[in-house]
Structure formats: C-alpha cells, structure tokens
Amino acid sequence: MKLHAFPSPRSEGEQSGAGGLALLAMMAAAEVCEGAPPAQAQGFFSAIGRRMATLEPLEGVSDAAVLAARINGFWQDLGWGEIELAVGDDAIVVHHRNLPKALATDQQGNWQTMMLGLLQGAYDAWFRVLGSGPALHTVAQWQGDVVELRHGR
C-alpha cells in the first residue's frame, strides 16, 4: 500500500472529514494514554508510526539530501510539517517542525504523546530499512513546538 492510495487533503472539492478524523485521533489517543501504562502506549503509537513509514519506502536511498526530500514529501502530503536532517559522527538528528496542533480539549497532552510515538516509530523504521544495526536506537523528545529525534548510540 502506498500513501497515494489515500485522499490528499489538498484535493479541491474533496470533503475529507479532516475535522472528524482529528477528533477520532484525539479520542483514540486519550483512550490509549489513559488505559495503558506509558511504555505500552509508547509502543502502540510507535507501531503505528512503523506502519506509516512503509507507505514511503526508502530502500536504496544513500544521500542525506534525497532522504530529507523524500521524508519531507511524505509529511507535507499529510499536512504534518517538514524536517531538517543532519548526519553527525554519532547520530542522525532530525528536527520535525509544524506538526498539527492538538485540539483545545486535549488538556492531558495525549496528542503530543501520540505524535512523539508515531514519529519515533516512523523514523526508526526508515533508518532500519537504510541499514541501521540493532545497537542504534531512535529517541524522540519535544523541544517546544519541534520534535527532535536522534538515531544513534
């Protein structure tokens, strides 16, 4: 399955039900966050992120600029912001900006918890497809409105 199989939010005249989907996502995040221990909720959202990553296969990408462009295209098609990617000696660092905002009713921060897990799972899956070994890990944290992801030791 590819991302283009899903309707684009940019399609003119298309009634995508984005508001209802956002509400559904918020309620699902609340249910998971309130009903599961934090590690299980993180694992659940990461698994969804790994599934999302399969919609943009990156096998064979060997250039950091091409990698960033492909990942940016994926997130921009979803309306989920854009990234800056830096390859360092000990880690790949991604700064993901302009993510969708939570609904005002999300007082517990479930949206941020869900987004952090989704992004961590997606990036970890992409880096593993590109050849990352089991000794390397992906960690994600919010820094204001930006999610910073580090993949390395």
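User: What joins β3 to β4, and how do the two strands run?
Analyst: In this predicted model, strand β3 (residues 137–143) and strand β4 (residues 146–152) are joined by seven bridges and run antiparallel.

User: Which residue in β4 is the bridge partner of T138?
Analyst: T138 has H151 as its bridge partner in β4.

User: And how many residues sit between β3 and β4?
Analyst: Two residues lie between them, and the strands form a hairpin. In the turn, G144 has a positive phi of about 70 degrees.

User: What about β1 and β2, parallel or antiparallel?
Analyst: Antiparallel: six bridges join strand β1 (residues 82–87) to strand β2 (residues 91–97). The hairpin from β1 to β2 goes through three residues.

User: Which residue in β2 pairs with A86 as bridge partner?
Analyst: The bridge partner of A86 is V93, in β2.

User: Switching to pockets. How much space lies in the second largest pocket?
Analyst: The second largest pocket holds about 180 Å³ of space.

User: Which lining residues lie nearest its centre?
Analyst: The second largest pocket has 13 lining residues, and those nearest the centre are V61, L67, I92, F127 and L130.

User: What is the class make-up of that lining, nonpolar, polar and charged?
Analyst: Eight residues lining the second largest pocket are nonpolar, four are polar and one is charged.

User: Which elements supply at least two residues of the lining?
Analyst: Among them are α3 (64–78) and β1, each supplying at least two residues to the lining of the second largest pocket. That β1 is the strand joined by six bridges to β2.

Notes:
Residues are numbered from 1 along each chain as its sequence is written. This is a predicted model: local features need pLDDT of at least 70, side-chain atom pairs count only at pLDDT 80 or more; totals for chains, interfaces and linings use all residues. Side-chain values use heavy atoms; hydrogens and water are left out. Two strands pair if DSSP finds at least two bridges between them. Helices (H or I, at least four residues) and strands (E, at least two) are DSSP runs, numbered from the N terminus. On a 1 Å grid over the protein atoms alone, a cavity is a set of points where a 1.4 Å probe fits but cannot get out, and a pocket is an open set with protein on both sides within 12 Å along at least five of seven lines; lining residues have an atom within 4 Å of a point. Grid points are joined across faces, edges and corners, and a volume is the space filled by probe spheres set on the points. Ala, Val, Leu, Ile, Met, Phe, Trp, Tyr, Cys and Pro count as nonpolar, Asp, Glu, Lys and Arg as charged, and the others, Gly among them, as polar.
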